Each structure stands twice: as C-alpha cells, then as structure tokens.
Amino acid sequence: MKKYLNLFDFSQRVDYKTEILSGLTVAMALIPEAVAFAFIAGLSPLTGLYAAFMMGLVTSILGGRPGMISGATGAVAVVIVSLAADHGVEYVFAAVVLAGILQVTAGALKLGKLMRLVPHPVIFGFVNGLAIIIFMSQLDQFKNATGDWLTGTTLYILLGLVLLTMLIIWGLPKLTKVVPSSLTAILVIFAVVKLLGLDTKTVGDIASIQGGFPPFHLPAVPLSFETLQIIFPYAAIVAGVGLIESLLTLNIIDEITETRGSGNKEAVAQGIANMLSGVFSGMGGCAMIGQSLINISSGARARLSGIVASVMLLVFIMFGSSLIEQVPMAALTGLMIMVAIGTFEWASLRTFTKMPKSDVFLMVLVTLITAVLHNLAVAVLVGVILAALFFAWDNAKRIRARKYVDEEGVKHYEMYGPLFFGSVTAFAEKFDVQNDPEEVIIDFAESRVVDMSAIEALNKITERYLKVGKKLHLKHLSPDCRKLIANADKLVDVNVIEDPNYKLLID
C-alpha cells in the first residue's frame, strides 16, 4: 500500500519506497561523476563530493523542479580548471560564491523566461551532444592507467559486467517495477564480483571518498578590486552555463513528466546552492541531466528523492566510504551508458527529412559544438543566434503588398508581413513612384513597423513621393508603431483612425 504525503507544503505526492530507492541509486551514481569532475577541474575529490551534496540538497528543497538532481558538473569543471591552475582553489571558491549571487539576481529579475528564446532544434542538439559526452566519458573506464585500451581477460570481465548491467536496467522494468532497475543492477554486479572474486576496477581505485561534514570556510582571497577582476569572468561564465544547463534540464524533465516547473525559482535555488557550496568547500555546479534522468526513470517525482540522494551521499562520505569504494566501476559505467542512450533524442533522427533544412543544420551544429567543445553555453548561444538569423532571413522574404486603385483614384498598398531591417529592401521595391497617382496610402493593418531600419525605409519612400509632388499616407499603424515614427511626423501623414491596438503578452 503506497503512502503519500504533501511534503514541505508542496502539491507533489510522495511515494516513499520509490523516492528513497531512487535517491539511493542517484547517490551512488553521483560519486564517480563528482570525483571525475573534480579531477577535470584540478581539485581534490572531496571538493566535487561536497559540491554534489550541497547543490543537490539545496535545489531539492528550494528548486523549481521536483525530481531534478543537481551536483558538481563537467560544464562547470571545464570553466574553472584554468582558474584553479593559475590562482588556486580559494579563488575557485570565491568565483563560485559570486556565480551564485549572479544566478540569484537573474532569478529575482525573472530572466528564466529567456529560455523561451531557445528553439527546439537547439534543445535537441544540446541533449544529443550531452548524451554523446556522457557516453564518451565512460570509454575511459576501458583504458588502463597509461591510457591504453584494456585487453585480454580484464577487458572481457569489464565488458561482460557492463553488458549485464545494461541488460538488467533494460529488462527488469519489463518484468517488474517494484524496485528501481538501476539500483538492482548495481547490487547484482556488486554481488557477482564478490561471489566470483573477479578482479575489476572499483570506485576506490579512482580515489578515496572518505571525509567529514563539509567544513565551513570563507574563501581566503583579498577583498580587492583586483580579486574581482580575476574571478568575475569565471563567475559570469559559471553562472551562465549553470543556468542554461539547469533550465534546459528543467524543460526536458517537464516534457517527460508532463508537468511544469518554475525556471525563475530554479535560478534562485541554483544561486543559493552555489553560494553555500563556495563557503562549504565545494566546487559549485548545476543541474545534472544524467542523474535527473536516472531519478525520473526510476519513478521519482517529488523532492524527497533529491534530498535522500544528497543526504546518503554525505552518509557515504562520512561513514560508508569503505563499502562504496568497493562498488565495481563496471556497474556505474553500464548505468551511465544507459543514461546516455536514454538521453539521446532518437526521435530527432527521424525528423531529418521532415524538418526545415535550417532546423536540421542547427540541431547538428549544436550537437557537434556540445560534444566537441564540451561548452554548453557556447553551443546554445551559437544556436540561438543562428536561429534568430534564420528567422530574420525567412521573414525578410515574407513582406508582401496587395495593390489596387479605389474609385477616388487613390492607390492602396496593403502590406503583409513585418517591416524590419531584413525586409526593407524588398519593401522599397514594391512601389511604382513615377506611375502612381497623386495620392497613395500604405495600409499596415496586416503589417508591423518593427525597428529603426523600418522607419528609415518609410522616410525614404516618403521623400521619393514628395520629390515628384505626390502625397503619402500611412494607415492602420498600431500605437507602438506610431510611437516609433514620432520623429518622422513631418515627413509622413499618419492616419490614426481605426488603428488597432496590439497588446503584447507580458509575464
């Protein structure tokens, strides 16, 4: 019999068994990832583990998306690696705190709505690129200490255990969903290795995870403008990357669960988590799409799973490190490969012949940038900019004019499509100034004057008619359009009668 509770005054129902077991699975998966990302940043393993604990706990309680998991991430690690190498770990802590402040500010200013500007092909590309990164990062487990590929018995044992893990994760849900398949796979592989005495790499072979409670530690850096100059660029990039990855992950989980999270609330929670991470000896982080998908695929939907994952991670660090260090890496490798397979948007491959070529190009480009550069912020930024340019180019070709002369001899140009910098050339070519009658009306009922380039185009066409002694009227301009051309009122005659009011949706 399932027990449900309205936890923390939120409306999510809590299935205790599912949430706790899923949280345990996520906690185990967080350990090698946090350690690996700390190594990438050139920091000690505990800085990654402490960040995973603090980020996960705070965002699970305060975040805008129940079920989403945060922790130390590769996206943040690749940003701070040069700061750690050049100035040391104390400057990393300071940069993480400043990044948190920037994220809280972004959330307070409700900038989460800017995620609406990220087109779906860019999200597809981001997700696919991330899946490739997750998969490629697991290939290191098939190499020895010198970087050469494993061979012989060692390879066969590892490969067999990985495949068995994947088979359990794939097949168990088809038989029963009583227990999470991921946790079952880890326990089965652990038992197989122990019972058969197999010689294979464990978590402890990577690094020791033994430690205490995260120590409170204010960053030991000079409080000076010079320090700010050093850490601000890194903090700004960490804040941007963290928000982009967190809000995109939020959108993905929204789609999977068919619910809606709060981007602005998540931004504030991420900021608070990073500030606390920086003063509790953590490297900072953001939402983790891999662990979030493990959590969601295990059936978790409430905040409890993330809280359990964070608390159990700390318990492992403080009391259970000797046991967790014996978990075979093969089990975690198989788990993360299944996460990569589940993360990849396979449906996007079927859209190649159905989507516009520009969208396909965007998706592939963002995938490649994400996978090759491991820079999610650059990938998304490039995708958004190119999407905007494609949109502008497409709309530049949409300007149309319906022409007719009424019974009074006045020629009408009924415009269709937006008048902006991209369409002004096509707009100017619509008019026959020399052969038009003495009075001309341009009707904007189905068009909009968007920017200064459009105003300049109106001024030029007006001047052309004035030079030949003809009068031009602009009709059906909305109030916001009329405001834009207020400086041109001596050059054009604006008819304000029957002008429509265009109301913009504002959150």
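Helices (H or I, at least four residues) and strands (E, at least two) are DSSP runs, numbered from the N terminus. This is a predicted model, in which local features need pLDDT of at least 70, side-chain atom pairs count only at pLDDT 80 or more, and totals for chains, interfaces and linings use all residues. Residues are numbered from 1 along each chain as its sequence is written, and side-chain values use heavy atoms, with hydrogens and water left out.

**View 1. The whole protein.** The protein has 19 helices and seven strands. Its C-alpha atoms fill a box of roughly 100 × 55 × 50 Å, taken along the principal axes. Of the 507 residues, 52% are buried (under 20% relative accessible area; exposed is over 50% and partly exposed in between, with a 1.4 Å probe and protein chains only).

**View 2. Helices H1 and H2.** The axes of H1 (residues 16-40) and H2 (residues 45-62) come within 7 Å and cross at roughly 130 degrees. Axes here are lines fitted to C-alpha atoms, for helices over the stretch in contact, and angles run from 0 to 180 degrees between N-to-C directions. H1 is therefore oblique to H2; angles under 35 degrees count as roughly parallel, over 145 as roughly antiparallel, 65 to 115 as roughly perpendicular and the rest as oblique. On the H1 side, Ile31, Ala34, Val35, Ala38 and Phe39 meet Pro45, Thr47, Gly48, Leu49 and Ala52 of H2, contact being heavy atoms within 4.5 Å.

**View 3. Ser60 in its surroundings.** Ser60 lies in helix H2. Ser60 is buried, because its relative accessible area is 5%. Neighbours within four places in sequence aside, Ser60 is in contact with Met68, Arg303, Gly306 and Ile307.

**View 4. The largest nonpolar core.** A nonpolar core is a set of buried Ala, Val, Leu, Ile, Met, Phe, Trp, Tyr and Cys residues joined through side-chain atoms within 4.5 Å. Of the 109 residues in the largest one, Ile31, Leu49, Ile80, Phe126, Met283 and Leu313 touch the most other members. H1 gives the largest share of this core, 11 residues. Leaving aside neighbours within four places in sequence, the contacts of Ile31 include Leu49, Val203 and Leu313.

**View 5. Leu223 in a loop.** Leu223 is found between helix H8 (203-206) and helix H9 (225-257). With a relative accessible area of 89%, Leu223 is exposed. The C-alpha atoms of Leu223 and Arg260 are separated by 41 Å, and the two residues are 37 apart along the chain.
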